[in-house]
Amino acid sequence: MKQAGYPYIYTISFPRKPASFGGPKLDNGLFFCFNNPSLSQNMEIRNIAIIAHVDHGKTTLTDALMRQTGMVEEGMTMDSNAIEQERGITIYAKNTSVFYKDTKINIVDTPGHSDFGSEVERVLRSIDTVLLVVDAQEGPMPQTRFVLKKSLELGLKPIVIINKIDKPAARPEVAHELVLELFMELGASDEQLNFTTLYAIGREGVAKRNMNEEAKDLTPILDVVLEEVPPANKNKNGSATLQSFNLAYDNFLGRLAICRVYEGEISQGQSVWVKKPNGESYGGKITKLFTFEGVTRKEVPSASSGDIVMIAGISNIYIGETIVTNESQEPLPAINIDEPTISLNFLVNDSPFAGKAGKFVTGRQIRERLERELEVNVGLKVDFSSSEYYTVYGRGELHIAVLLENMRREGYEIQVSQPQVIIKEEAGQKIEPYEEVIIDVPEEFSGSIISRLSEKKGTLMNMIAEHGGTTRLIFEIPTRGLLGYRGQFVVDTKGLGILSSRFISFKKYAGEIRKQQYGSMISMASGKVLAFSLDNLQQRGVLYVAPAEEIYEGQVIGNITKGEDMYVNPTKGKQLTNMRASGSDDGIYLAPPFTLDIERAMEVMSEDEYIEITPKDVRLRKKYLTEAQRTKSMRKAQK
Ligand SMILES: Nc1nc2c(ncn2[C@@H]2O[C@H](COP(=O)(O)OP(=O)(O)OP(=O)(O)O)[C@@H](O)[C@H]2O)c(=O)[nH]1
Ligand SMILES: [Mg+2]
């Protein structure tokens, strides 16, 4: 299997099909060079990362660059992980390289979603220039600002790519202007402000330096990279210095570290010292060494300064640690890891249907899986101290949902509690995470959105009338106010709004926020759901179950948007004694049920509920399933 999909890599070597060694030069200086070691050694190396707001086209562009340089065949994508492909988003930052005009260009494709923003920050430490991709219609968005700010702070000089200029509503010149403003606002130096801009249609694999030029392929981008990115391999001689900026895991090799080689040369079998940022150090040995090509990794005997490599053999290696061959060498400056912002509990599934669908169901199995996740999932923390549950801390609902989705596909059954924002104390004051939110909505919705977010303690920072009757609203809001709001936002804007957010920092606690409370429809019986009863219940709210589905007492089978919890019996059949109703069964029309997935369930659940996640189903349930259990727990609480 070809896999660049970190963090888990299941095969050691990747058989590659054609090997046009040293292959013929194609037009425009592009050439094929599958697996040709003589070409990749002693080549000049350039290291870049592609950064942008979510969906602005990073991966599509990276894929096209790989294709046009002959690194991969048609149809191969950097988004190789199954969940990435389904959702169409990048979750893990991934490395590749392409060869162009006798130069190796290492590229890191980064995720744009803010839950994975800390991945980007780490990557930026390992490269020399960023390609900042900006959608020609949307212009700079929250994550554009975040990644650009980090790049400028690190002294990188970005190359700007105004992408998707084929969109009917594209405004390349305006987008360019807005990017320039953003650079200024973020305090870019004169040199950084003097950035090169390219215009591209990543999906068609074309780019140009001026809007009025013809675009044929992506060589303008590759040429600008060669012109502007400094060659990385300067200090080849002397002892080796590497720093790890990302982790991966291989079933056979264990923990892998992705590192940039800053100085010297590193070889397989070499003994090294690992230096922690706090000054501690320990010895180790590099058992395997890989570089990246296309969507695969390639085992190499050695690699030298400037290159990006993946190493095996050091089982405790962590982000930011420096690997040196000379023990007296000082460690490189630490790489910060962002703190988690939300937490929730993972429990063994104890619903009446427990164990029916899953292979791994015990607390020990869940613990082992979480421990394995901690090997690579850098933003994640787990507290194993309680005997009843494990508390998992993450960077956002999507960050946790992806972990749960992976677990369920692997055969795990699990229950989780409602995600809560992490509230900390600093200097005797309560603090909580805040986000910046950018909302684009048709003008007529702006009033209602402003009042909705004000209720949630959001502060309107800016309001800009865009062309075409759209208004852009920029808020600062406690993460607490935003949790579970995305679904409601779609309803509030009739599906016409776009909401994106990113974490800013922990700030003063905003006081109580009234959450949108959904009342739950809870089944008071176990059995098979009948169409007849659903017909009555669908008048009251949104249903999660379909006829003939097996349910249990205490399961949440639907919600009531406005209202209190309601106990219902969806297994009840028609009363045969009721003469008026008899014979009218064929008149039943049921709306299709609202299918719960993990994120939707997180959105609609209440605090006294769990999400039950199995390889087959996602259900919501009350923590206490029966009347008797509820009464008992209430009595206990009162004592
Ligand atoms: N119209 C148009 N659409 C494009 C272009 N490039 C990419 N897209 C589409 O934009 C969507 C997002 O593309 P991706 O390449 O996955 O975006 P990304 O920046 O990698 O997204 P994340 O990694 O999730 O942040 C896909 O549906 C692409 O087909 C383009 O040049 N023009
Ligand atoms: Mg992507």
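**Second largest pocket.** I began with the lining of the second largest pocket and counted its classes: eleven nonpolar, one polar and eight charged residues. Here Ala, Val, Leu, Ile, Met, Phe, Trp, Tyr, Cys and Pro count as nonpolar, Asp, Glu, Lys and Arg as charged, and the others, Gly among them, as polar. This is a predicted model, in which local features need pLDDT of at least 70 and side-chain atom pairs pLDDT 80 or more, while totals for chains, interfaces and linings use all residues. Residues are numbered from 1 along each chain as its sequence is written, ligands are numbered from 1 and chains lettered from A in the order written, and side-chain values use heavy atoms, without hydrogens and water.

Of the 20 lining residues, Arg-145, Leu-182, Glu-185, Ile-438 and Ile-474 lie nearest the centre. (On a 1 Å grid over the protein atoms alone, a pocket is an open set of points where a 1.4 Å probe fits, with protein on both sides within 12 Å along at least five of seven lines; lining residues have an atom within 4 Å of a point.) I noted a volume of about 510 Å³, meaning the space filled by probe spheres set on the points.

**Largest pocket.** Next I looked up the largest pocket, at about 1,300 Å³. Its lining has 45 residues, with Arg-486, Gly-487, Leu-499, Glu-599 and Glu-603 nearest the centre. Which helix gives the largest share of this lining? I found that α13 does, with six residues. (Helices are DSSP runs of H or I, at least four residues, and strands are runs of E, at least two, numbered from the N terminus.)

**Magnesium ion.** I then turned to ligand 2, a magnesium ion coordinated by OG1 of Thr-59 and OG1 of Thr-90, at 1.9 Å. (Donors are N, O and S atoms within 2.8 Å of the metal, or 3.2 Å for Na, K and Ca; water is not among the atoms, so sites may look incomplete.) Thr-59 belongs to helix α2, Thr-90 to the loop between α3 and β3, and they are 31 residues apart. Are these two buried or exposed? Thr-59 is buried at 10% relative accessibility, and Thr-90 is buried at 7%. (Buried means under 20% relative accessible area, exposed over 50%, partly exposed in between, with a 1.4 Å probe and protein chains only.)

**Aromatic rings.** My search of the whole structure gave seven aromatic pairs. One of them, Phe-360 with Tyr-412, is tilted, with 4.7 Å centre to centre and 35° between the planes. (Rings of Phe, Tyr and Trp, its six-membered ring, pair if their centres lie within 6.5 Å; planes under 30 degrees apart are stacked, over 60 edge-to-face and the rest tilted.) Phe-360 is partly exposed at 27%, whereas Tyr-412 is buried at 6%.
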